[in-house]
Amino acid sequence: MWLSLLIAFLLMISFINIRKSYAERDVFTALEARSAALFWRDLFIYACILVGSIPVVGSFGWIKSQLELLWRDWLTRRLLSRYLANRNFTRIPASEVDNPDERIQQDIASFCTETLTIAMAVADSTLAFFSFVTILYLISPTLLVVAVAYAIAGTVATLMFGKRLIGMHYEQQRLEAEFRYNLVYLRDNAEAIGLYNAGERESKGLLQRFGCVLKNMYSIVSWQRNMTLFKTSYDYGVLIIPSLISAPLYLAGQIELGMIVQAATAFGTVVGALSIVVGQYQTYARLGAIARRISDFIGKLEQLENQAAQSEMTALEHNATGAPECQATAAAAIATSNGIKTRVTAGGRLVISNLSMTTPDRSHSLVQGLNLELKLGARLIIAGPSGVGKSSLLRAVAGLWLDGSGLIERPDLSDMMVLPQESYMPLGTLRDQLTYPLSAEETGISDARIIDVLKRVDLAELSLRVGGLNAVKTWSEILSPGERQRVAFARLLLATPKLVLLDEATSALDADNERKMYEFVTTCGATVVSVAHHQALIAYHDTVLVLEHGGGWRLVEADEYLASLRKD
Ligand SMILES: Nc1ncnc2c1ncn2[C@@H]1O[C@H](COP(=O)(O)OP(=O)(O)O)[C@@H](O)[C@H]1O
Ligand SMILES: [Mg+2]
């Protein structure tokens, strides 16, 4: 609807422009005839046309903005939902698509604005060309030929001159995004950097980034200067050339004075219409760069979607031969054709078959040929030196690590909960912190129950301190790491998942609190896989998986493992 309205207004404006050019011509012809009566009449007509055109010309920009916003709305929603679907946001390395945030927020906005600007300019030019080409031809065919030749020469020159600008604009977008990202990174890590008192060191890095931004911008600006010099000469040519041709015709008495004026307008319009590339080149170069950034991003998302579709098929095949499981769980299965396959099973079982993992760059291998089976309620602790691949194994079980081979059978993601060392605190209320990743409405958990759970993890005074469950704070800042870890355990108590993965989830707690948290885990009835360093925690598990550098592993009964440690 808005697009049709926009086109209708464009047609009206172009009609007004033609009427205006005739009215202008009549005014000058009346002057030439020195007829006051004709002059006043024609000037009145001219004024009426101008007044009538005000609402049309005035609303045109507004209609264009409406369309622009609708388009941005649609494009942003689409891209955002594809980016967040299927955990795609965890699978886009910066080396392939830098700063997706900038592409979603800034590039899409510019893309919509500038595409419409260019589309309108093209439509406008086409109309202008057809409106004025006859006028110009009727005044003098030579003028038309000169106009066409002039425009072609200008366009070719612009394309030759300006080719490099698109690449430079692409680079500019990237550099600006990097600079902004570095500033955000500084803000996110303000405390740590402050503790190192490393402001100066960071400022050097930031200034260096900014230096790159400026350097590229300076070269863009000097290219733009050259283009503007060229465009200005080109535009001035348009002012002179028609008089060169039409003035002799007037002097020879072949045309009227008004027609010289009309010839100038018509020549300018026809040349302008034909040389849209010259006129809009800056916009065109910027748009080219932005479109490339957005399409690279969409290309990567498409690749991920295809991979997911393939793995969904594999999962369905698996399910067709295995136990009857619902399709929704099959759809949630994540696996890639080349990597680790994941299959969703009912119940809280975790079965790992022949799992071998490598780092994403394939530079070294982590665990090799791992087989293990945990029944609902079984508890496994993973032991091994730092960097051996404990966290990576948990990532693989959670479906975030696909490099390697083998099969992992586990409950649906909605029946699992992972507690990492750094507990994520979403933006929102205290209640949101506890019911995350669901909202309080979705879970239907009462406030009384939330308060009760807060008490159990020793955070009863927290809700009083911040002013109730509805308080909104920057939780990651105001809570200590240990408090955040206890919030994560409160989430666990409220969610009652079937499979729990704990990755050094109590590292910031004192021994008493740590034992208390592990008692909750033991009594919640879920299957548990945990990574923890304190010997005291081994007793809360029944099996130990010992990982060794180079991919070796062995499974030991917890009692046996404890006994061997005591002997050492
Ligand atoms: N995204 C990654 N790219 C490359 N190497 C990685 C990546 N993540 C982890 N690694 C490497 O894999 C090894 C295992 O890491 P991790 O599982 O975090 O060890 P830990 O046993 O201490 O939890 C480490 O050597 C680490 O450097
Ligand atoms: Mg780790």
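Q: Which domains does the domain assignment give?
A: Domain 1 (69–304) and domain 2 (392–425 + 479–567). The bounds come from an automatic or database domain assignment. This is a predicted model: local features need pLDDT of at least 70, side-chain atom pairs count only at pLDDT 80 or more, and totals for chains, interfaces and linings use all residues. Residues are numbered from 1 along each chain as its sequence is written, while chains are lettered from A and ligands numbered from 1 in the order in which they are written.

Q: How far apart are the C-alpha centres of domain 1 and domain 2?
A: They lie 53 Å apart.

Q: And the overall dimensions along the principal axes? What does the C-alpha trace span?
A: About 120 × 60 × 50 Å.

Q: What about the radius of gyration?
A: The protein has 35 Å, but a compact globule of 568 residues would have one near 24 Å. The radius is taken over C-alpha atoms, and the globule rule is 2.2 Å times the number of residues to the power 0.38.

Q: Switching to the ligand. Which residues surround ligand 1?
A: Thr-359, Pro-360, Asp-361, Leu-366, Ser-386, Gly-387, Val-388, Gly-389, Lys-390, Ser-391 and Ser-392. Each has its C-beta atom, placed from the backbone, within 6 Å of the ligand.

Q: Now Gln-282. Why does Gln-282 count as partly exposed?
A: Because Gln-282 has 18 C-beta neighbours inside 10 Å. Buried takes 20 or more other C-beta atoms within 10 Å, exposed 12 or fewer, and partly exposed is in between, with C-beta atoms placed from the backbone.

Q: How far is Gln-282 from His-169?
A: 113 residues in sequence, and 9.7 Å in space, C-alpha to C-alpha.
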